[in-house]
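Trainee: I'd like to learn how to read a few features in a structure. Can we go through some together?
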Amino acid sequence: MSVTPDLDRRTLLRRAAAAGLLVTPAAGLLSACAGSTPSQNDDSAGEKSNDNPFGVQDGSAVKVVIFNGGLGDAWAKEDQAIFNAKYPNVTVNMSSTQKIKTEEQPKMATQPSDVVMNSGADMMDISTLVNEGAIEPLDDLLAAPAWDSEGTVADTLLPGTVGDGTYQGKFFVVNVAYTVWGNWYNSVLFDKEGWTPPKTFDDFFALAPKIKAKGMAPYVYDAVHGYYPRWALMATVWKSAGKQAVIDIDNLKENAWRAEGVLPALEAWEKLVKDKLLLPGKLDHTQSQQAWLDGKAAFIQVGTWLKNEMAATIPPGFEMKISDYWGLGATDKAPNDVYAGAGEGIVVPAKAPNKAAAKEFLRAVLSKAGSAKFAELTKSLASTKGSGDNVQDAALASANELMKNASSDLISIKLWNFYADLDKESQNLSAELMAGRLTAAQFVDKMQAAADKVAKDSSITKQTRDA
Amino acid sequence: MRHGVARFVTGFLALPVGLYLFYVVWPFLQAAGYSLTDWGGYSDRQQFVGLENYVRLFSDELIRKAFWHNVFFLITVPLFTIALALFLAFLLNVGGRGDKAGIRGVFGSGLYKVIFFFPQVLSLVVIAVMWQQIYRADGQGLINGVLMKIGLISEDDPITFMYDPEPFLGVPAVLWWLLLIAVWSGAGFYMVLFSAAMQSIPKDIFEAAILDGAGRVHTFFRITLPLLRDTVSVAWVYLGFIALDMFALVYIMTPSQGGPNHASEIFASVIHFNAFQKGQFGYACAIAVALAIFTILLAALQLRITRRERIEY
């Protein structure tokens, strides 16, 4: 952890800046910005109190960057209003983008934004952020009193939210959306045809010919982003092989991929592909979701942001509902575990100039009022308790229903947040399995080999989970 | 007087050279510096590790794969682009019927020139997005849609373009489809380049050849091509650079940026993965520096081989 090379770099930059000033004022400005030390903790001046637990300084500014993806950014503007109602003299500079990494990563080492919603295809790798010490632990946020309800912030969160944001024993990521994943279907169509959503792969394989007879493909998936089918594959693995098997996989335990139940789960998917139950062609997430809305396929698997993402093109007479991922049946070790958890993570960079306001802003995001607005605007649950209580929406209601029947354990996979290499490999292999170029057995062999390689690589920081 | 001129020239050059040093040469040097560290890219912590990154580079399977894919582009992109551009330029300038008006291009060559040059006006990202629609891997894609309408392929079996890693002539199909875009988007510019060079060849040489009874093919291979040698050689170097890059197309168009399952991995996509996804900036910089050295050597070699006596006319 030597800082000397960096100091050298800075000195050089300053010299270059001096030279640059002779050449062009713009160049001088730029390098001055890159070389200067970010202002340290100007927030400490603010008075700390129960009502202002981080000591937000009056007249300061906080820069908030929102990921403008499936959930949009309207909900964040509501949080801004809530925050500003309490702190009228604190300026919130909010911007939204889909290019989180492209725009925020270059600033992380010098002058980052204060609040960054790190989500989407272009997100910054979480394990790297943690290992590099680039983001701030937010345990004090959890311990702070809740914005507009009793108890602490931690008390207001749904189960799994703290765990999903915890790395190496510290809470780093505030995941704001509580997402439920599963298989979506059009309930109007299913009622009309008298079909019931399957619970197991066997149910699905029995229903599939009837769906095909209607000129529909039974299933469509996102062939561009490997992490879409990966959710479904891993959910089946969890249901079939049980929680401990997945924990072992995440912990890179020897032969974890060869545990009982893993292979049969993947073989069910192999059969789905081999039996030609997929919509022909290779589509991305929105194209495949549109194909499903257009009635070309009966099932699609995705999270609860679906309705908001496709809001503009849902045809009349289409009622989307979510059902649980399919298990294998009697042999399942965890048939009732639902894939749900807090997603869409917000982080505070370690070098953020106004951390107090950043944390206070997050407290506003997790407020009762903010969460209710979130659920209302996005048709997704917030990661706080009771956010969806007053929202009338069939899709949201079906997700609520699914959660009510869920067992106490939630399916959660850490592998791809722990290791960038395994993230890439598991995405690639999931796509290959779905493309029919890989058998389940080959998938297991290749994942095991990749996991062993990471386990042996001393340049990669290892992470573990207990539950 | 001479001294005054030097000051005058320096005055003009100071600004551009200064900008170039600051924005181009300095970042290059920085990257070379980072390549000797284990910098992660998200913090200001870094440690000097010497040549460790370079040693690691040689045993990286992914880089080996990317290397061969880049070599594929290095051979095919210049070859096909230059061949197509030469063919088009020849037809547009001297391919037409020779008559009283002298040597000229085929009928309507002015219009063709504009059409062929058009892709050059578009940014590479626009081209990639446009071709995504052309290559869309279901019935709504341009190519698939047309082929399905005329019944050449079945609706259940569309061409999968960017999702097809099956080898064709030993090279993943996805690379051939990318090559088609690269050639399509590049040929127009080199056509104009070659056109300009052809127009500077005196017409009487062509007229003399025609009087001696040479056909189009003979004229092309015996006169045009030898006289264009310098231009073609420069074009080859430029296209070599493009072939070693190819990042925009791979990044925008292929699944998981280099997929399916690494079938279209190139140097640039490996650098991107290591730097921005894996958080190993130091290692990524080492790959980039290795690529830069490789590129410079290649360009030097290329210009050396093709150097010949100039023909003055």
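Mentor: Helices (H or I, at least four residues) and strands (E, at least two) are DSSP runs, numbered from the N terminus. This is a predicted model, where local features need pLDDT of at least 70, side-chain atom pairs count only at pLDDT 80 or more, and totals for chains, interfaces and linings use all residues. Residues are numbered from 1 along each chain as its sequence is written, while chains are lettered from A and ligands numbered from 1 in the order in which they are written.

Trainee: What is the phi of Leu252(A) near? And is Leu252(A) buried or exposed?

Mentor: Phi is near 60° there, a positive value in a residue other than glycine. For burial, count other C-beta atoms, placed from the backbone, within 10 Å of the residue's own: 20 or more is buried, 12 or fewer exposed, and in between partly exposed. Leu252(A) has 22 C-beta neighbours inside 10 Å, so it counts as buried.

Trainee: Which loop holds Met246(B)?

Mentor: The one between H10 and H11 of chain B. Met246(B) isn't a glycine, yet its phi is positive, about 60°. Met246(B) is buried because 25 other C-beta atoms lie within 10 Å.

Trainee: Where is Pro260(B)?

Mentor: Look in the loop between helix H11 (247–253) and helix H12 (267–277) of chain B. The peptide bond from Gly259(B) to Pro260(B) is cis, with omega near 0°.

Trainee: How do I read helix packing? At what angle do H3(B) and H10(B) pack?

Mentor: Axes are lines fitted to C-alpha atoms, for helices over the stretch in contact, and angles run from 0 to 180 degrees between N-to-C directions. Helix H3 (residues 61–93) and helix H10 (residues 229–245) of chain B pack at about 140°, their axes 8 Å apart. Angles under 35 degrees count as roughly parallel, over 145 as roughly antiparallel, 65 to 115 as roughly perpendicular and the rest as oblique, so H3(B) and H10(B) are oblique to each other.

Trainee: Which residues make that contact?

Mentor: Contact means C-beta atoms, placed from the backbone, within 7 Å. Among them are Phe73(B) and Leu74(B) of H3(B), with Trp236(B) and Leu239(B) of H10(B).

Trainee: And how far apart are the C-alpha centres of domain 1 and domain 2 of chain A?

Mentor: They lie 30 Å apart. Domain bounds come from an automatic or database domain assignment, which gives domain 1 (37–178 + 342–400) and domain 2 (179–340 + 410–456) in chain A. Across the boundary, 22 residues of domain 1 are in contact with 19 residues of domain 2.

Definitions and conventions: Contact = placed C-beta atoms within 7 Å.
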